[in-house]
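Please keep the sequence and the model in view while reading.

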Amino acid sequence: MNHADHGVLPAEPEKATLEGRNKILGFWLFLGGETVLFGSLFATYLALRTQYVNGPAPHEIFQIELIALATFILLTSSLTSVFAIIGMHRQNFKMMLFWFWITVILGFAFLGLEIFEFVHYYHEGHTLSSSAYGSAFYTLVGFHGGHVLFGVLWISLLLIKNRKGLTVVNAPKFYVASLYWHFIDVVWVFIFTVVYLMGILGGQGGA
Amino acid sequence: MAQHNHTSQPVKKVHANHHSMKPHIVSFILSLMLTALAFAAVIYLPEQKGFVYPYIVFLGIVQALVQLYVWMHLKDKGHLFPVMGIFTGVIIVFTCIVMALYWV
């Protein structure tokens, strides 16, 4: 009965137990709530997008190459976490660990770029308190960065604590962490579109 | 050990069809292309804002849907409640954004 004890896992170990299935459902509801959190931050940002007072305007400071690189890194990390889950479904524990570690490394690379970017903006006079636009920008992009930081720490901790092998107990944990990671990438799609690309295009967004 | 044989059968089937890498690589390339199209529109058509704004938002929505359905498995069976959960969030977000754009 107990698959974990025999070293044989069912085909989709993350959904093998009721607890696992409930975790995944609960996590999706949480992601619905996260969507609302980010949505309200996006709405705030859009309402304040022209309120940069004397500070630098978005199109004066954003560097499209840096944003393209960050986007590419995060998109690739989303793909590597898919590979990790494929490894899990193939019952290939080493493959899962390998791709999750790659995901973590790419996550740290993204964070490094973001810190570099924020430091650069700070020296240009674009700060959290420089204008309403600055506050909205750092709250939205910073919240996303905070999620990335939480994600890399969470996945690292899972990897460190579950080195012995895959079970029906830890499989849902890894699966849910990969859902979270994909969600972060989905939010970034809208950040690079609404904040950066529209910011570079200049000023009056919307209709 | 009888259990061994019993469970190894469906596992094999799963690798062959359901969990192949192909759809994931395809959605990665698709996401890259959608991203590139959005960046290209901003770089090459900076004057046509009336077109570029809705166009890049549309590309973003398409990319988000691709990732939700393929990478986050919403297309798989038994995902009705997750779909309802996430789209309830999206409806609230849509309302917030429209309010922020047109009423604030």
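Leu59(B) is buried, because its relative accessible area is 6% (buried means under 20% relative accessible area, exposed over 50% and partly exposed in between, with a 1.4 Å probe and protein chains only). The model is predicted; local features need pLDDT of at least 70, side-chain atom pairs count only at pLDDT 80 or more, and totals for chains, interfaces and linings use all residues. Residues are numbered from 1 along each chain as its sequence is written, chains are lettered from A and ligands numbered from 1 in the order in which they are written, and side-chain values use heavy atoms, with hydrogens and water left out.

**Surroundings of Leu59(B)**

- Leu59(B) belongs to helix H3 of chain B (helices are DSSP runs of H or I with at least four residues, strands are runs of E with at least two, and both are numbered from the N terminus).
- Leaving aside residues up to four places away in sequence, Leu59(B) touches Leu34(B), Leu37(B) and Ala38(B) (contact means heavy atoms within 4.5 Å).
- Met33(B) is 26 residues from Leu59(B) along the chain, and their C-alpha atoms are separated by 9.7 Å.

**Chain A**

- Chain A has seven helices and zero strands.
- Of its 207 residues, 58% count as buried.
- The C-alpha trace of chain A spans about 70 × 30 × 25 Å along its principal axes.
- Among contacts in chain A between residues at least 6 apart in sequence, 79% join residues at least 24 apart.
- The mean pLDDT of chain A is 92, and 94% of its residues reach 70 or more (pLDDT is the predictor's confidence in each residue, from 0 to 100).
- Over residues 1-5 of chain A, pLDDT stays under 50.
- Where pLDDT is low, the predicted coordinates should not be read in detail.

**The largest pocket**

- The largest pocket is lined by 30 residues; Phe190(A), Val57(B), Ile61(B), Val93(B) and Ile97(B) lie nearest its centre (on a 1 Å grid over the protein atoms alone, a pocket is an open set of points where a 1.4 Å probe fits, with protein on both sides within 12 Å along at least five of seven lines, and lining residues have an atom within 4 Å of a point).
- Helix H2 (18-47) and helix H7 (171-201) of chain A, with helix H3 (49-71) and helix H4 (80-102) of chain B, are the elements that give two or more residues to this lining.
- H4(B) provides the largest share of the lining, nine residues.
- Domain 1 (2-72) and domain 2 (78-104) of chain B both give residues to the lining, so the largest pocket lies between them (domain bounds come from an automatic or database domain assignment).
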